[in-house]
Structure formats: structure tokens, C-alpha cells
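Morning, everyone. Let me put the model on the screen, and then I'll walk you through a few spots.

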Amino acid sequence: MYKVGIIGGTGYTGGELARLLCTHPDVEITSMTSRQSSGESVSSVHSFLNGYTNLCFTKTVDYDVDLAFIATPHGAAMKEIPQLMERGIKCIDLSGDYRMHDVQTYRKWYGHDHTDIDNLRKAVYGLPELFRNNIRGANLVANPGCYATAVILVCAPLMKADVVEMDIDIDAKSGTSGAGITPSARTHHAFCGESIIPYEIGTHRHTPEIEMVLKAFSHNDPKITFVPHLLPIIRGILSTCYMRLKKNLTKEDIQSIYEDQYGKEKFIHITNEASIRAVVGSNHVQISFRIIDKKIVAFGVIDNLVKGASGQAIQNMNLMLGLNESSGLDLPGLGV
């Protein structure tokens, strides 16, 4: 039985990690940290964990763990990870601190310098369906962004097959839980409850992440126009990706490209009509598409808290520790 710790356990991501891990057959949560809730029982903060854990939050993580999840805001993770790595503890960063290998790109998009450049260059990007062999046995994995996951999985196979132009437009919509547990004027229900709100147009930090990963996987150099929106739902992401085909292709041609890439994947399904409700509460991904003349409109849906964050982190953990990749995640979506 492996021991794991969660640094930053009071947020949505930390709580979701605990929810999924508390019934995992091969791991035990032995430490959860929170500065503001230190000393309180985990189940008093996350009441859905009543009967599943007797842990109390601590200010610092117990270093007697095999792997640590860092579920802190960006900028904080790079202060935690060096001391964990020095002790031989495997780490999965769920913030954005270790996704961008180029320090100048990181500075441009995150607004401050990176203070752990050595580990930054060692970090493996944790999208298992594309980089599984790199993740196995890795010591530090950068968990992908939620929007990035929903977009990359849709576009990567078509780019690798070299059937689309590199100028890609993306319209993506996320539930309000993607903004985190701390309320803001934008996520206040009275403001967003009956509206769809575009935000961070041209400035969202997942833009360079999407471009970087698509280039690394396909060896093509995309130019992404990414427009995120806030939806008045709690969980779920729908990404709509507009691409121009280089030649006339049939539905069967595109279906074959996706099946070649994902046909054996446990969590990715090519469907006729992708549905957020079909994947909420699960680590599953649905992809669908339509061809309009020489254009393709492709859709990807995920639960932003599971495949977009905590579930994908556990999928990475399973690979890093040599466990069954779907352990603790073999659950269908809620459906309704």
C-alpha cells in the first residue's frame, strides 16, 4: 500500500483528489495540508468524506509518503516541490508551475520568474493518452490544465495525421468550479447564474500550453485562437475546435484517425454527440465531430475536476507507481 499526501487539501481539486483516492485499492491518504484549516478534521471541511477518512488537516505535509499531490495556486507549488524531490518523494503538480519548460514563456504568461528551473526542465507533461511512456516511472509530472486537456485530445490526432491546417480556432466553455473555491465577482451566482461570459480572450494561460503540447506531439507548429467562456453549471467543459481540412475527407476518414489514436484507450470515446452530462463525475472523455465542406468542427467534453484535474492526476499516479492505470477511476459518468 503506497502512502500519498495532498498539499492544498481544502479546495475543489484537493477535495476531489481525496474523494477519488479514499477508495483506491492500492494507496492510502496519510496527510492533507491546509494553512487556514490546520487542526480541523478533513470531513468537517469536506462533509462528503464523512466515514471515509479520520485525517485532520496539518500545516505541513508528512514527509513519510511515496507521492505528493500539490494542489496549490501557481507560484506556491514551486516552493513546495524542491524539498519533496530532495527527499525522494514523487510529485504531481496540479498548478501551472511545471507545464511550460521555457522559463521566458512561463514569465510572460504567469507574470513572475520561475524559482525551480532544474526541476522545471525535468518535469514530464502528464497527458497519459499521448505521453504514457514518459510518465511511467517519472519523478515529477505536470498535470495538464483542464481546458488544455479538452482541446489537445481533440486536435492532436488530426494534427499528427497532417490533415488539418495549423490555424485553429477554439471556443471552450467551463463550469464555475473551474474558477476554484474562492468566490469572485465573476463567479458570484447573481452575476453568472443566467449568463455565458467570455473571459481572458487572448490572454488565458492554457493557450501557450495547448500550442506547446500540440507541437511536441504532432511535430507541427499550430497557431491557436482560444476563447474561454464561463457556463452557469458547476462541472464540465465543452471545447469546440474549428479546423480547416487540407483535402476533402469523409466522416469515415476522420473516424479512422481518431480510432487509430484512441481505439484502445479506457477513458476516451468517439461518439456521435458529445455530452457533458455523460462524463460528469468520471475520468472519461467524449469526442465527436462534424465535417462541413472542407472544415471540421470537433468537440471534446470532460469533467474539469476529474479528467481536467484530480482524476487525471490519479491516472498519472498509477503510471508513476506501476499500478493499473484505471485503478480508482473505473467509474462511469453520472448521465443525468
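I'll cover a pair of helices, the nonpolar cores and one glutamine. Keep in mind that this is a predicted model.

Helices first. Look at α7, residues 146–160, and α10, residues 251–262. Their axes come within 9 Å. They cross at roughly 105 degrees. Angles of 65 to 115 degrees count as roughly perpendicular, so α7 and α10 are roughly perpendicular to each other.

Who makes the contact? From α7, it is L153, V154, P157, L158 and K160. From α10, it is I254, I257, Y258, Q261 and Y262. By class, that gives 8 nonpolar residues, 1 polar and 1 charged.

Now the cores. The largest nonpolar core has 49 residues. Among those with the most contacts inside it are L158, I254 and Y258. L130, I152, V164 and M243 are on that list too. Which helix gives the most to this core? It is α7, with 12 residues.

Setting aside residues up to four places away in sequence, I254 touches L158, L245, L249, F289, I291 and I296. There is also another core, apart from the largest one. That one has 33 residues, including M32, L49, L55 and V124.

Last stop, Q286, in strand β12, residues 285–292. Is Q286 buried or exposed? Its relative accessibility is 14%, so Q286 counts as buried. A polar atom of its side chain lies 3.0 Å from the backbone nitrogen of S275. Beyond its neighbours within four places in sequence, Q286 also contacts H269, T271, E273 and F299, among others.

That's my tour. Over to you.

Notes. Residues are numbered from 1 along each chain as its sequence is written. This is a predicted model: local features need pLDDT of at least 70, side-chain atom pairs count only at pLDDT 80 or more; totals for chains, interfaces and linings use all residues. Side-chain values use heavy atoms; hydrogens and water are left out. Axes are lines fitted to C-alpha atoms, for helices over the stretch in contact, and angles run from 0 to 180 degrees between N-to-C directions. Helices (H or I, at least four residues) and strands (E, at least two) are DSSP runs, numbered from the N terminus. Angles under 35 degrees count as roughly parallel, over 145 as roughly antiparallel, 65 to 115 as roughly perpendicular and the rest as oblique. Contact means heavy atoms within 4.5 Å. Ala, Val, Leu, Ile, Met, Phe, Trp, Tyr, Cys and Pro count as nonpolar, Asp, Glu, Lys and Arg as charged, and the others, Gly among them, as polar. Buried means under 20% relative accessible area, exposed over 50%, partly exposed in between (1.4 Å probe, protein chains only). A polar contact is a pair of N or O atoms within 3.5 Å; within protein, one must be able to donate a hydrogen and the other to accept it, and residues adjacent in sequence count only if both atoms are side-chain atoms. A nonpolar core is a set of buried Ala, Val, Leu, Ile, Met, Phe, Trp, Tyr and Cys residues joined through side-chain atoms within 4.5 Å.
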